[in-house]
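User: Could you take me through the aromatic contacts in this one, and say what your terms mean as you go?

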Amino acid sequence: MRTDEALRLALDLAGLGEIPADSGVLVPGKFGDKVLFAIDVGVGELLLAGRLGASGVIAHHPPGGQPRLHWHEVLWRHVDLLINYGIPVDEAQGAVTELVSEFSARDHAANFLHVPAAAKALGIPLVGIHTPLDEIGRKRLVDTAEELSPEEPVGLLVEKLEKIPEFTAAATEMEVRVGSLENRVGRVGVFHGAGTNGGYPVAACAFRHGIDTVIYIHCSDAAAKRLAREFPDKNLIVMGHIAADSLGINPFLEALEERGLEVVALDVVRP
Ligand SMILES: [Fe+2]
Ligand SMILES: [Fe+2]
């Protein structure tokens with residue numbers, strides 16, 4: 001399998017037609033029989049791949065190049081998520097504009113050369129696949145969230161989410177950072193598969209427009225505390241970053257394995 005074929009496979013599994021801005025082939029090539037997959041790939045993982053006999057590397061978080069510099073562009077996907085939950089388009093765009101400004105500054109400062117340059121020097125094919133895998137994970141979360149009726153408690157939603165094998169196997173616990181397990185769950189919004197969590201702006205926008213429970217995979221303490229102060233009657237469930245990333249990664253790794261590739265999955269929760 002070639003690097004571009006692996007990326008295409010992920011796009012197909014996610015139901016995406018185009019390569020998102022945070023994903024792409026950084027060093028083109030063939031994977032051979034064995035590939036190393038890691039959520040976070042640095043120079044160490046590239047060297048490790050060689051030691052483990054893997055002839056290519058797949059990263060989840062953008063490891064460099066154009067996907068690293070343009071990562072913030074996929075944050076606009078939060079607008080689509082908000083609109084799908086019935087939030088007015090101008091409100092959604094306003095919320096996401098704040099996020100994009102913060103993250104475009106972060107991306108502009110990133111060392112986009114470091115990891116791809118090392119991969120090139122070592123002759124290791126490297127591809128970064130971020131949003132397609134998170135989109136696969138988002139769909140699995142939505143399926144679980146939709147099993148609940150609005151009158152049921154947040155605790156039941158947490159219980160159902162914890163039964164997803166990746167969460168059962170993970171060392172992290174799910175946290176209710178705003179609201180409580182006893183609150184009614186009301187309308188639930190899953191905000192994932194859009195670059196990173198929506199922080200304060202996306203959750204606040206959702207809460208103002210009829211969403212009662214927001215699900216994030218991670219959230220800063222400052223954003224969660226501000227949301228708790230301003231929306232004491234709402235709920236924010238934070239699931240745990242690596243376990244939640246693994247939700248979308250595992251179906252992809254299984255698809256690679258079905259095609260005869262041996263996968264060394266480094267920092268993935270594989271139940
Ligand atoms: Fe992710
Ligand atoms: Fe992640």
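Analyst: Buried here means under 20% relative accessible area, exposed means over 50%, and partly exposed lies in between, with a 1.4 Å probe and protein chains only. This is a predicted model, in which local features need pLDDT of at least 70 and side-chain atom pairs count only at pLDDT 80 or more, while totals for chains, interfaces and linings use all residues. Side-chain values use heavy atoms, without hydrogens and water, residues are numbered from 1 along each chain as its sequence is written, and chains are lettered from A and ligands numbered from 1 in the order in which they are written.

User: OK, is Tyr85 buried or exposed?

Analyst: Tyr85 is buried, at a relative accessible area of 18%.

User: And how many aromatic pairs are there?

Analyst: There are two aromatic pairs, where rings of Phe, Tyr and Trp (its six-membered ring) pair if their centres lie within 6.5 Å, and planes under 30 degrees apart count as stacked, over 60 as edge-to-face and the rest as tilted. Tyr85 and Phe191 make a tilted pair, with 5.5 Å from centre to centre and 55 degrees between the planes.

User: What is the relative accessibility of Phe191?

Analyst: Phe191 has 1% relative accessibility and counts as buried. The rings of Phe207 and Phe231 are also a tilted pair, with centres 5.3 Å apart and planes at 50 degrees.

User: Switching to charges, what lies over the face of Trp71?

Analyst: Arg106 does, at 4.3 Å from the ring centre; the rule is that NZ of Lys or CZ of Arg is within 6 Å of the ring centre and within 35 degrees of the ring normal. The charged end of Arg226 sits over the ring of Tyr200, 3.6 Å from its centre.
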